[in-house]
Amino acid sequence: MIDSMSRVNDRVLDPTEEAFVFGPLLLAAPLLLLLVGGAGVAGFLLARRVPAGRLPLPVAAARRRGAALALAALAVAGTLLVVGTSLPQDSLRRTQLVAVTPLAAAAAHALVLLVGELTWPRPRQRVRSARLAVRSVRADAPRGLLLAYAASVAVALLVCVAGTLLADGTGRAIGWRAADGLAASTRGPFPGAFYAAPIAVGVLVVALLTAALLVRVPHRPAAAGADAATDGTLRRAAAHRVLRVSTAATAATAAALLVLGGLAARGLDVHWAVDGTWHTDGPGALWTTTSTAVALAGAVLALAALAVLLVPARAVRA
Amino acid sequence: MSELRVVVDAASAVPVYEQLRRQVTTLTTTGALAAGDRLPAARTLAADLGLALGTVQRAYRELEAEGTVVSRRRTGTVVARAARVEEDVRWAAEGFVERALSSGLTPEQALDVVRGALAVRASSPPARAR
């Protein structure tokens with residue numbers, strides 16, 4: 001017989017290993033896909049873009065300002081993402097930082113756009129006109145993206161809650177122990193409170209900034225001379241930009257948690273040998289199947305997050 | 001409704017809130033705005049016109065005081081009543097405007113002619129029906 005110690009299957013990565021898992025998973029492959037897809041979408045949009053000379057001057061100026069703001073926000077978010085994930089990750093605090101970096105980048109992105117919306121130029125002419133049109137968040141935000149964002153926030157928060165409830169005392173691993181207490185295993189990284197708490201805060205901060213921008217968009221001054229359709233398109237584009245990045249960051253974070261949580265939970269089986277025969281014990285087939293499904297769902301969600309990032313806003317027509 | 005516009009002249013002697021009030025009243029009188037139609041939020045209109053929020057709020061307050069609009073907590077500012085203008089009166093007005101402008105009058109002078117006619121009407125006793 002073997003003693004109970006040999007039936008313990010602890011596999012909790014040390015901080016450096018955890019960061020190694022988090023960093024590339026969140027960045028390398030997605031960034032490559034994003035760059036290729038983004039270049040394709042950008043080329044397609046530029047080819048179909050209505051030249052500024054065919055638009056009324058204020059409309060062209062508003063479109064230019066919107067595009068410049070979008071670029072500035074993306075530059076800030078991209079820089080934050082690269083810096084946050086490239087720092088030497090030699091402590092658990094650093095791994096937490098890596099985990100919240102996509103959300104921090106999305107928050108910075110939303111903040112830059114919000115400042116741009118709040119400083120949108122006011123009309124200065126002597127004679128000014130305005131349409132007597134009622135504008136609202138519902139009318140000025142793309143409905144599909146709005147629903148996708150709400151869903152991604154709900155999924156991310158649910159994963160955080162579920163991870164917190166399932167994790168062991170460390171908050172960054174999941175454990176299992178046989179009924180007889182002789183076999184036990186622990187796996188990590190797992191999205192317990194250690195990761196879930198800062199991520200949940202990040203999700204809520206991004207949601208707050210996104211909501212502030214969505215509320216601001218209908219109330220910013222209209223581009224002088226723009227008809228209802230053009231004005232609506234400019235506003236929807238502004239709402240689209242923030243929703244696109246906030247949805248992608250939130251969904252990507254939830255996806256990473258699902259993949260890591262699923263993989264950790266899937267590996268809780270304990271194997272041991274007695275007299276040359278291998279024995280296996282663990283949480284059961286249903287648990288393993290569910291964990292695998294969760295990890296796969298996370299992978300699908302990660303792809304969806306990337307796809308959202310590449311959805312272009314409706315363009316202004318001449 | 002979506003293409004109705006208000007125009008303000010920031011350099012006019014007429015206060016901007018009064019310009020807004022008159023135009024909204026005119027739109028309800030002519031039927032362009034019907035009872036139940038919503039007006040934009042004061043904040044939205046102030047942003048579009050580059051005005052202080054208080055200016056638009058004052059115009060809305062005046063409109064509410066004269067019964068043209070009502071403010072509701074959930075739906076915002078809504079047209080309360082719109083005058084029913086008979087079709088033939090509208091045609092007569094359009095015919096008059098056409099004639100006045102083709103004779104060389106400015107819009108303001110054309111309005112003066114109408115005001116003058118109304119003043120004469122107000123000072124003379126109403127005609128009896130036979």
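Biologist: What is the mean pLDDT of chain B?
Modeller: The mean pLDDT of chain B is 87, and 93% of its residues reach 70 or more; pLDDT is the predictor's confidence in each residue, on a scale from 0 to 100. This is a predicted model, in which local features need pLDDT of at least 70 and side-chain atom pairs count only at pLDDT 80 or more, while totals for chains, interfaces and linings use all residues. Residues are numbered from 1 along each chain as its sequence is written, and chains are lettered from A and ligands numbered from 1 in the order in which they are written.

Biologist: Which elements of chain B have the lowest and the highest mean pLDDT?
Modeller: Helix 4 (residues 87–102) of chain B has the lowest mean among the elements of that chain, at 88, whereas helix 3 (residues 53–65) of chain B has the highest, at 95. Helices here are DSSP runs of H or I with at least four residues, strands are runs of E with at least two, and both are numbered from the N terminus. For the model, the scores are ipTM 0.73 and pTM 0.80.

Biologist: OK, how many helices and strands does chain B have?
Modeller: Chain B has five helices and three strands, and along the sequence they follow the pattern β-α-α-α-β-β-α-α. The chain is divided into domain 1 (16–79) and domain 2 (87–123), with bounds that come from an automatic or database domain assignment. The centres of these two domains of chain B, taken over C-alpha atoms, are separated by 26 Å.

Biologist: How do strand 2 and strand 3 of chain B pair?
Modeller: Strand 2 (residues 69–72) and strand 3 (residues 76–79) of chain B pair in the antiparallel sense over four bridges, where pairing requires that DSSP finds at least two bridges between the strands. They form a hairpin with three residues between them, and Ser71(B) stands opposite Thr77(B) in strand 3 of chain B.

Biologist: Switching over, what is chain A made of?
Modeller: Chain A has nine helices and six strands, and its C-alpha atoms fill a box of roughly 95 × 35 × 30 Å along the principal axes. Of its 318 residues, 44% count as buried, a term for residues with 20 or more other C-beta atoms within 10 Å of their own; 12 or fewer makes a residue exposed, anything in between makes it partly exposed, and the C-beta atoms are placed from the backbone. In chain B, 21% of the 130 residues count as buried.

Biologist: And which residues have the most contacts inside the largest nonpolar core?
Modeller: That core has 102 residues, and those with the most contacts inside it include Ala106(A), Ala110(A), Ile199(A) and Val206(A). A nonpolar core is a set of buried Ala, Val, Leu, Ile, Met, Phe, Trp, Tyr and Cys residues joined through C-beta atoms within 7 Å. Helix 8 (residues 228–266) of chain A gives the largest share of this core, with 20 residues.

Biologist: What is Val206(A) in contact with?
Modeller: Leaving aside neighbours within four places in sequence, Val206(A) is in contact with residues that include Leu103(A), Ala107(A), Ser246(A) and Thr250(A); contact means that the C-beta atoms of two residues, placed from the backbone, lie within 7 Å.

Biologist: How many residues of each chain are in contact with the other?
Modeller: 19 residues of chain A are in contact with 21 residues of chain B. Strand 2 (residues 127–131) of chain A gives the most to the chain A side, with five residues. Five bridges join this strand of chain A to strand 1 (residues 5–9) of chain B, and the two run antiparallel, with Arg128(A) opposite Val8(B).
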